[in-house]
4 protein chains.
Amino acid sequence: MSLQTDFKAPNNEFKTRVKESFDNQPLMDFLGAKLKIIEPGFCEIHLPYRFELTQQHGFFHAGMIGTIADNCGGYAAFSLMPADASVLTVEYKINLLSPGDGELIIGRGKVKKAGKTLTVCAVDVFVLKNGIEKLCATAQMTVMTMHGRADKQKS
Amino acid sequence: MSLQTDFKAPNNEFKTRVKESFDNQPLMDFLGAKLKIIEPGFCEIHLPYRFELTQQHGFFHAGMIGTIADNCGGYAAFSLMPADASVLTVEYKINLLSPGDGELIIGRGKVKKAGKTLTVCAVDVFVLKNGIEKLCATAQMTVMTMHGRADKQKS
Amino acid sequence: MSLQTDFKAPNNEFKTRVKESFDNQPLMDFLGAKLKIIEPGFCEIHLPYRFELTQQHGFFHAGMIGTIADNCGGYAAFSLMPADASVLTVEYKINLLSPGDGELIIGRGKVKKAGKTLTVCAVDVFVLKNGIEKLCATAQMTVMTMHGRADKQKS
Amino acid sequence: MSLQTDFKAPNNEFKTRVKESFDNQPLMDFLGAKLKIIEPGFCEIHLPYRFELTQQHGFFHAGMIGTIADNCGGYAAFSLMPADASVLTVEYKINLLSPGDGELIIGRGKVKKAGKTLTVCAVDVFVLKNGIEKLCATAQMTVMTMHGRADKQKS
């Protein structure tokens with residue numbers, strides 16, 4: 001999956017807006033996830049290994065892989081939304097292809113079709129072990145643009 | 001969704017086996033999730049509200065809802081598996097129906113079809129607020145029985 | 001899956017509107033599908049066996065099962081839509097549980113959550129053989145209400 | 001989506017086997033679908049427009065788009081299976097991105113991960129209008145290898 005997309009962000013602030021929204025998710029900090037790349041229609045997030053994030057066989061829990069996939073797709077879509085809109089996950093479907101066995105999870109989400117109301121994204125999740133990336137999950141998701149509701153944390 | 005299922009567990013130890021597997025998932029303890037009910041083909045898990053589990057609007061993060069759904073379906077399926085088998089999530093699809101706005105997430109997974117290799121589950125996730133349960137997500141998932149690989153933590 | 005739903009149709013013409021839309025789908029006539037029951041938030045469609053609808057093992061083709069599931073969910077949702085709206089399938093996910101081996105396919109779709117823009121449906125598809133219904137597929141789908149675009153055939 | 005895949009077919013007869021299986025599906029002939037390309041881990045199928053295949057707005061019915069997607073993914077997977085195996089669709093999830101408005105539907109399925117028992121495929125479906133291809137649907141599916149059951153029509 002390459003970084004290049006055919007999309008143009010609708011405003012110059014898209015990187016700042018995605019970064020702010022990500023930083024406003026307490027869960028990302030709690031898990032230790034990092035927003036690494038944000039481009040128009042593309043988002044990459046990393047989640048380093050911690051014992052606390054594993055399942056009964058010592059691998060990354062499927063829920064963590066799904067959580068990162070959800071955020072990659074959501075923020076890839078959000079990068080293309082107008083400044084007065086917020087983002088809502090409608091649904092996602094994820095196939096777990098290999099155990100999450102490694103030091104780092106790398107999620108890469110890409111917009112496949114950006115509509116006025118709905119955006120469809122494809123997300124691949126890789127696990128890095130001894131310097132080698134292996135595809136461990138692939139997801140397809142639908143995201144909704146909530147026009148007129150700027151994305152702010154409840155205060 | 002009622003607790004009653006048409007399934008019979010294949011061994012008397014199914015409750016102990018599910019409980020042990022759940023307790024062997026460090027993530028469940030880290031998030032604060034509790035295994036509440038396990039019956040043949042059914043599993044209910046609770047996740048109390050914590051600020052650390054929220055997204056930018058102060059609600060439970062979709063990834064947490066997906067994580068609980070995944071485990072409810074997985075353990076509902078695991079309850080029907082033979083003693084020498086472990087459980088693997090093949091894929092799931094989740095629709096987020098309402099914001100995760102409340103004090104507690106309640107996931108209820110039920111086996112819809114138990115096959116020799118693959119089991120299909122339906123999972124509903126509710127959010128409890130002021131004593132009222134509201135459906136916040138619904139999922140459909142496919143789980144694989146790994147025969148001959150007892151479910152033990154990597155040691 | 002019972003016929004009873006908690007929904008009320010928003011207009012008295014919902015049965016007529018669904019029937020007209022169904023009759024305006026040339027594919028339904030071509031395949032031989034019949035609209036059997038329409039209630040608020042519920043739709044049942046039948047598809048009798050024909051050699052032309054089968055796959056390489058002589059069973060109903062998965063595409064036929066998916067087609068019936070799509071229409072059951074779509075029309076269950078459409079029954080709850082205002083008179084000036086049309087219905088659009090956003091996405092669906094279907095698990096094939098048993099071969100479509102029998103004389104008749106029976107699809108039953110039910111609205112799980114009806115929102116202003118999006119509606120989520122659950123659909124079960126059964127195959128009837130020697131008078132016995134067997135669950136052969138289960139689907140979860142997202143449908144969109146297209147407000148202000150009455151559902152008419154292109155003319 | 002390019003034709004190139006990283007896969008090698010396990011036997012020299014894979015093209016013949018896919019072609020025979022496709023020809024043994026009476027539904028494909030009934031709809032008028034054509035198997036156009038089969039390579040290791042890749043399959044392209046075409047379905048020309050006919051009035052009988054449309055929905056109430058005059059476009060290809062979503063069920064037809066799903067049917068072609070299902071077969072593209074299934075045969076992409078089947079091309080990698082051993083000679084004594086048959087193919088079974090476990091589940092698929094499809095997003096409909098644009099109306100099926102055109103003269104021809106073109107489905108292209110590609111294997112994303114081929115496992116011993118389960119194979120995961122990505123399928124894109126395009127609609128051709130006035131010589132221009134437009135992406136109208138994207139699907140993700142899980143296919144099962146049925147070892148020891150050669151794919152033959154029931155006779």
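Figure 1. His147(D) touches Asp84(D) and Ala85(D), leaving aside residues up to four places away in sequence; two residues are in contact if their C-beta atoms, placed from the backbone, lie within 7 Å. His147(D) lies in the segment after strand 6 (132–146) of chain D. Helices (H or I, at least four residues) and strands (E, at least two) are DSSP runs, numbered from the N terminus. His147(D) counts as exposed because it has 12 C-beta neighbours inside 10 Å. A residue is buried if 20 or more other C-beta atoms lie within 10 Å of its own, exposed if 12 or fewer, and partly exposed in between. Between the C-alpha atoms of His147(D) and Asp29(D), 118 residues apart along the chain, the separation is 27 Å.

Residues are numbered from 1 along each chain as its sequence is written, while chains are lettered from A and ligands numbered from 1 in the order in which they are written. This is a predicted model, in which local features need pLDDT of at least 70 and side-chain atom pairs count only at pLDDT 80 or more, while totals for chains, interfaces and linings use all residues.

**Figure 2. Chain A on its own.** Chain A has three helices and six strands, in the order α-α-β-β-α-β-β-β-β from the N terminus on. Its radius of gyration is 15 Å, close to the 15 Å that the globule rule gives for 155 residues, so chain A is as compact as a globular protein of that length. The radius is taken over C-alpha atoms, and the rule is 2.2 Å times the number of residues to the power 0.38. Of the 155 residues in chain A, 57% are buried.

Figure 3. Within chain A, seven bridges join strand 2 (residues 42–48) to strand 4 (residues 104–114). His46(A) stands opposite Ile106(A) in strand 4 of chain A.

**Figure 4. Where chain B meets chain A.** Here 32 residues of chain B are in contact with 32 residues of chain A. On the side of chain B that touches chain A, helix 2 (26–31), helix 3 (62–78) and strand 3 (86–96) of chain B each supply at least two residues. Strand 3 of chain B gives the largest share, eight residues. Strand 3 (residues 86–96) of chain A pairs with strand 3 of chain B in the antiparallel sense over five bridges, and Lys93(A) stands opposite Lys93(B).

**Figure 5. Helix 3 of chain C against helix 3 of chain D.** The two helices, residues 62–78 in each chain, pack at an angle of about 150°, with their axes 8 Å apart. Axes are lines fitted to C-alpha atoms, for helices over the stretch in contact, and angles run from 0 to 180 degrees between N-to-C directions. Ala62(C), Gly63(C), Gly66(C), Thr67(C) and Asp70(C) meet Ala62(D), Gly63(D), Gly66(D), Thr67(D) and Asp70(D).

Conventions
Two strands pair if DSSP finds at least two bridges between them.
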